[in-house]
Amino acid sequence: MRHLCPSFYVRLSDGFLWKHFKSAPVDVDEIVVHDYEYCAPVDTEGIYSPLFKIHYCENRISLDIFHGVTDGHGAIVFLKTLLATYFGILGIYIPPTHGILNIEDEPKPEELEDGYMKFYDKKKGKLTRLEKTAYQHYVSDSDGEFSIIQGKFSASQLKKLTKSLGVSVTEYLAAVYVYSYYVNKNHKSKKPIKIQFPINLRSIFGLETLRNFSLVMTISLPYRKEEYTFEEILRTTVDQIAQGKDKEKLQKAINTNVSDAVMFISKYSPSVLKKPFIVAGFLLYGERMITSPISNMGMVSAPDELKEQVEYFDATIGATKKNAINAAVITFCDNVAVPFSTKKSRREVQDTFFDFLQKDGIDVEFTVR
């Protein structure tokens with residue numbers, strides 16, 4: 001029997017030059033927890049802390065994982081394989097198809113590949129990091145308990161709508177997200193609204209790694225005195241998504257990210273000297289450069305045997321300090337789940353988003369956790 005996703009069984013270790021992932025055996029009791037918690041903080045500083053946990057309670061199972069270990073694609077592969085193994089123990093056979101790994105096979109070498117280093121090519125140029133800081137949607141109420149407002153609706157109903165508009169589901173939902181911030185924006189601010197979401201690079205570059213291999217693209221809505229219509233926001237969203245998926249541009253983005261790590265001064269300076277610069281870089285180019293992230297994890301494919309056992313999937317982004325609201329989109333069978341996570345009690349952005357869908361004829365079912 002294989003060791004399921006061996007690249008997940010790592011801990012973050014302090015090295016003289018860099019923090020790095022170090023393979024380490026993980027006690028099952030450390031990573032499998034019987035509770036209903038979700039989006040629990042991952043301890044990346046603890047010497048013996050695992051970087052993912054599995055929470056289960058009644059008929060729900062959740063995977064919390066540090067983004068440095070994998071991205072949404074890798075997490076879904078892991079979770080589907082875990083579910084298939086669990087149902088197999090119960091006597092319900094789930095075939096290893098639709099991205100489900102066969103735990104009887106040895107891991108394939110490509111599962112462990114570092115896509116960023118594999119495709120790094122400094123000869124193909126880099127992107128500039130110089131860009132405008134983004135509008136930040138600060139709300140007046142104090143931090144509260146972490147909560148999730150989730151809307152669920154029909155995928156076929158949504159596809160019928162987007163087809164009539166001549167756009168994709170991703171383009172439409174991203175535009176509605178931008179619009180939801182725009183109508184609730186403090187219009188004294190002249191900073192652009194900048195929404196960020198990840199792009200899975202595997203199909204673009206032809207790689208099947210289970211390690212993190214995604215980049216983020218940004219949809220930017222610049223300030224102007226005249227009001228934007230939703231149709232204008234939708235059109236600029238469609239145009240920017242098309243530009244963001246350009247392979248040449250993505251190649252340059254890979255080069256930009258990797259070059260920071262392979263520079264001589266970065267590669268060979270002691271970790272203790274680099275830390276202040278890393279912190280400064282995050283403050284300059286981190287969360288203040290975006291208004292909010294939204295992660296569209298797409299359609300979760302599965303064999304019919306698994307579809308009969310699973311009601312729906314959802315995905316949640318953990319809370320951050322500057323970006324008060326985070327959103328994700330995931331589709332399974334005919335169910336689209338859009339969870340908003342936040343530590344704020346005010347919900348104007350979330351309400352605008354779901355109200356807009358309902359006005360466009362989408363029937364939304366709400367849950368609050």
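Visitor: At what angle do helix H4 and helix H5 pack?
Guide: Please note that this is a predicted model. Helix H4, residues 155–165, and helix H5, residues 169–183, pack at an angle of about 90 degrees, and their axes are 9 Å apart. Because angles of 65 to 115 degrees count as roughly perpendicular, H4 is described as roughly perpendicular to H5.

Visitor: Which residues meet there?
Guide: From H4, the residues are Leu158, Lys159, Leu161, Thr162 and Leu165. They meet Val169, Tyr172 and Leu173 in H5.

Visitor: And how many of those are nonpolar, polar or charged?
Guide: The contact of H4 with H5 comprises six nonpolar residues, one polar and one charged.

Visitor: Let us change topic. Where does leucine 51 lie?
Guide: Leucine 51 is in the loop between strand E3 (32–34) and strand E4 (52–57).

Visitor: Is leucine 51 buried or exposed?
Guide: Leucine 51 is buried, because its relative accessibility is 0% and the cut-off for buried is under 20%.

Visitor: What does leucine 51 touch?
Guide: Leaving aside residues up to four places away in sequence, its contacts include Val10, Leu12, Phe21, Val42, Ile65, Phe66 and Val69. Arg11, Asp43, Thr44 and Asp64 are also among them.

Visitor: How many residues apart in sequence are leucine 51 and phenylalanine 8?
Guide: They are 43 residues apart in sequence, and their C-alpha atoms are 7.6 Å apart in space.

Visitor: Now for helix H7. What span should it have?
Guide: Helix H7 has 15 residues, 230–244, and at 1.5 Å a residue it should span 21 Å. Its end C-alpha atoms are 21 Å apart, which agrees.

Visitor: Which residues of H7 are buried?
Guide: They are Phe230, Ile233, Leu234, Thr237, Val238, Gln240, Ile241 and Gly244. In general, an α-helix has 3.6 residues a turn, so residues three or four places apart point the same way.

Visitor: One last topic: what is the phi of histidine 98?
Guide: Its phi is near 55 degrees, a positive value in a residue other than glycine. Most residues other than glycine have a negative phi. Histidine 98 is in the loop between helix H2 (72–89) and helix H3 (115–119), and it is partly exposed at 42% relative accessible area.

Visitor: What about the phi of cysteine 333?
Guide: Cysteine 333 also has a positive phi, about 55 degrees, although it is not a glycine. It lies in the loop between strand E10 (325–332) and strand E11 (335–342). With 34% relative accessibility, cysteine 333 counts as partly exposed.

Definitions and conventions
Residues numbered from 1 in each chain as written. Predicted model: local features only at pLDDT ≥ 70, side-chain atom pairs only at ≥ 80, totals over all residues. Heavy atoms only, no water. Helix = DSSP H or I, 4+ residues; strand = E, 2+ residues; numbered from the N terminus. Expected span 1.5 Å × (residues − 1). Buried < 20%, exposed > 50% of the residue type's maximum accessible area, 1.4 Å probe, protein only. Contact = heavy atoms within 4.5 Å. Axes fitted to C-alpha atoms, helices over the stretch in contact; angles between N-to-C directions. Parallel < 35°, antiparallel > 145°, perpendicular 65-115°, else oblique. Nonpolar A, V, L, I, M, F, W, Y, C, P; charged D, E, K, R; others polar.
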